[in-house]
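These are my notebook entries on a structure I looked up. I began with the pocket, then went on to a strand and the salt bridges.

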Amino acid sequence: MADLTLGGETPAESTDGVWLTCIECGETLAPYDDVVYRCPACDGLLEVRYEEYPTFDDFEGVGVWRYADALPLEEGVSIREGNTPLYTVPRIEADVGVADLRVKHEGMNPTGAFKDRGMTVGVKVAERLGVERLACASTGNTSASLSCYGARAGTEVLVLLPAGKVAAGKVAQAALHGARILEVDGNFDACLDVVADLADRGEAYLLNSINPFRLEGQKTIGLEILEQSREATGEWPDRIVLPVGNAGNTAALYKTFRELVEAGEMAEGEMPALTGVQAEGAAPMVEAVREGRESVRRWEDVETIATAIRIGNPVNAPKALPGIRATGGTAVAVTDAEITDAQRALARDGVGVEPASAASVAGLKKLRASGEVDADERVVCLTTGHLLKDPAAAAAAGAEPTPVPADTEGVLEVL
Ligand code: F0G
């Protein structure tokens with residue numbers, strides 16, 4: 001079982017109070033000496049660790065870099081990411097039946113998804129490491145974000161996408177920002193296997209969420225949720241419900257909470273219950289949580305309308321599963337029809353999201369109906385990507401246009 005305990009001695013390898021630790025064997029590494037994604041000793045996942053963890057008083061400014069004291073660097077390659085809205089959703093709140101429901105809309109980031117929070121940090125680390133080419137496998141949003149941040153940094157970007165399974169908006173972003181796009185005859189997991197191999201051979205710097213620096217930026221989702229909730233309601237949420245693909249956000253949110261506990265800002269019992277949602281056709285994390293297992297079984301065949309989370313081998317499971325357990329959370333699978341219903345419900349409350357994002361609301365609804373979520377809970381649902389990412393899914397879920405002649409009488413006739 002992974003050891004996610006913070007604190008202890010600062011190792012000699014640290015630079016400016018920052019280092020990398022293997023969560024499996026405890027090996028410590030210098031942060032910027034070599035390009036490394038996994039533990040060289042045991043292949044375990046790496047985590048960024050700090051000599052000191054900040055308190056809320058240490059934060060100033062807006063957006064991701066408000067939280068610089070919780071990040072490995074003081075500034076990033078930035079296009080003003082973060083500071084996304086925490087919306088009330090009155091109709092869904094009433095329909096689901098919880099004490100308070102808010103939606104943290106990460107689709108309001110510069111490229112329309114939460115990925116920008118990780119890239120502003122990860123692409124800056126890449127600069128520091130002096131790499132020449134950035135790369136990722138992607139169900140779409142990671143590639144759109146990396147293409148944009150790579151362009152901003154002036155570094156070449158290579159993206160591997162599962163052919164025919166990436167929503168149009170995302171491919172368009174990667175294309176216009178100038179990435180080299182390779183369409184792979186295989187699913188996301190196969191793309192990740194190939195790009196991780198290329199990275200190991202020194203062909204490119206990998207910016208998937210296995211990269212520990214990217215997850216540092218994504219911690220700021222948690223910090224914003226806590227600060228915005230307290231400002232809006234006076235309290236932190238009891239539960240955060242989020243869509244799960246590679247489980248990077250689940251891992252990052254748990255790290256946010258652990259660091260706040262270490263800084264003395266949060267009691268362990270105050271950690272919001274991390275609640276993951278997957279599509280029924282791609283639910284290896286749900287299977288692992290429900291069966292009480294410590295690792296996930298890779299699903300070879302995955303399918304869902306929520307193409308962003310069409311993933312069968314969640315690489316961050318060893319960091320995320322302990323988070324779900326330690327916070328008293330759970331995981332649930334939803335059908336494509338439930339996802340589309342939730343996408344429509346969010347749209348009626350004025351929040352336009354892509355299908356994967358709506359999974360969070362669909363999952364909450366299901367868990368409330370089964371009684372696993374109580375009526376007195378204060379809940380935040382994370383919506384991870386913007387409606388315009390997947391125009392085809394939005395159009396299919398929405399109203400049909402009515403053809404009319406080009407005159408007022410003809411228009412009045414159909415009204
Ligand atoms: N929601 C959206 C819109 C996503 O694009 C992703 C992941 C997730 C949720 C899952 O997040 O991996 O942290 O559990 N998209 C990746 C990509 C895989 O390539 O864009 P996670």
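Which residues lie nearest the centre of the largest pocket? I found Asp-16, Asp-69, Leu-71, Pro-72 and Glu-74 there, among 19 lining residues. A pocket is an open set of points on a 1 Å grid over the protein atoms alone where a 1.4 Å probe fits, with protein on both sides within 12 Å along at least five of seven lines; lining residues have an atom within 4 Å of a point.

I noted that the model is predicted: local features need pLDDT of at least 70, side-chain atom pairs count only at pLDDT 80 or more, and totals for chains, interfaces and linings use all residues. Residues are numbered from 1 along each chain as its sequence is written, and side-chain values use heavy atoms, with hydrogens and water left out.

S13 pairs in the parallel sense with S5 (residues 100-105) over six bridges; strands pair if DSSP finds at least two bridges between them. Arg-378 is the bridge partner of Asp-100.

I then followed Arg-378 to its salt bridge with Asp-238, whose closest N and O atoms are 3.2 Å apart. A salt bridge is a side-chain nitrogen of Lys or Arg within 4 Å of a carboxyl oxygen of Asp or Glu. This pair lies 140 residues apart and links distant parts of the chain. By this rule I recorded 32 salt bridges.

Technical notes
Helix = DSSP H or I, 4+ residues; strand = E, 2+ residues; numbered from the N terminus.
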